[in-house]
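Work through the exercises below with the structure open beside you. Try each task before reading its solution.

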Amino acid sequence: QVQLVESGGGLVQAGGSLRLSCAASGGTFSSSDMGWFRQAPGKEREFVAATSWSAAVTSYADSVRGRFTISRDSAKNLVYLQMNSLKPEDTAVYYCAARNARSVTWQYWGQGAQVTVSS
């Protein structure tokens, strides 16, 4: 059973930066795709970014491409989301997710980290 714990959320002014971290345990991190999702109040959870198990492939939502960067440190079982040029519309609870490399379903989820961007 994979366990994911996010950290690094907080309050930041528009234009600022934050870095979220996700610590993975209990599974085979090196063979798992990792992703970040977010859910704003009153909205459905949406995809933000993902990295393949080898880190060879990354993908981003159009709304964050060029501002956010996903990366992973397989030696430490960590995945990061560097968020720059933050906007008030980036305010949401951010979730880390993991899936086996052969799966299309995100099987494991963290508890979420609040990110609030003030205008």
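Two strands count as paired if DSSP finds at least two bridges between them. Keep in mind that the model is predicted.

**Exercise 1.** Find which residue of S8 stands opposite arginine 72.

*Solution.* Start with the strands. S7 covers residues 68-73, and S8 covers residues 78-83. They pair in the antiparallel sense over six bridges. Four residues separate them in a hairpin. In that turn, asparagine 77 has a positive phi of about 55°. Now read across: arginine 72 faces valine 79.

**Exercise 2.** Sort the side chains of S7 by face.

*Solution.* The side chains alternate along the strand. Phe68, Ile70 and Arg72 point to one face and are buried.

**Exercise 3.** Trace the salt bridges of arginine 38.

*Solution.* One partner is glutamate 46, at 2.6 Å from N to O. Another is aspartate 90, with the closest N and O atoms 2.9 Å apart. Arginine 38 lies in S4 and aspartate 90 in the loop between S8 and S9, so this pair ties together parts 52 residues apart in sequence. Aspartate 90 has a relative accessible area of 1%, so it is buried. Glutamate 46, at 37%, is partly exposed. Finally, the network links Arg38, Glu46, Arg67 and Asp90.

Key:
Residues numbered from 1 in each chain as written. Predicted model: local features only at pLDDT ≥ 70, side-chain atom pairs only at ≥ 80, totals over all residues. Heavy atoms only, no water. Buried < 20%, exposed > 50% of the residue type's maximum accessible area, 1.4 Å probe, protein only. Helix = DSSP H or I, 4+ residues; strand = E, 2+ residues; numbered from the N terminus. Salt bridge = Lys/Arg side-chain N within 4 Å of Asp/Glu carboxyl O.
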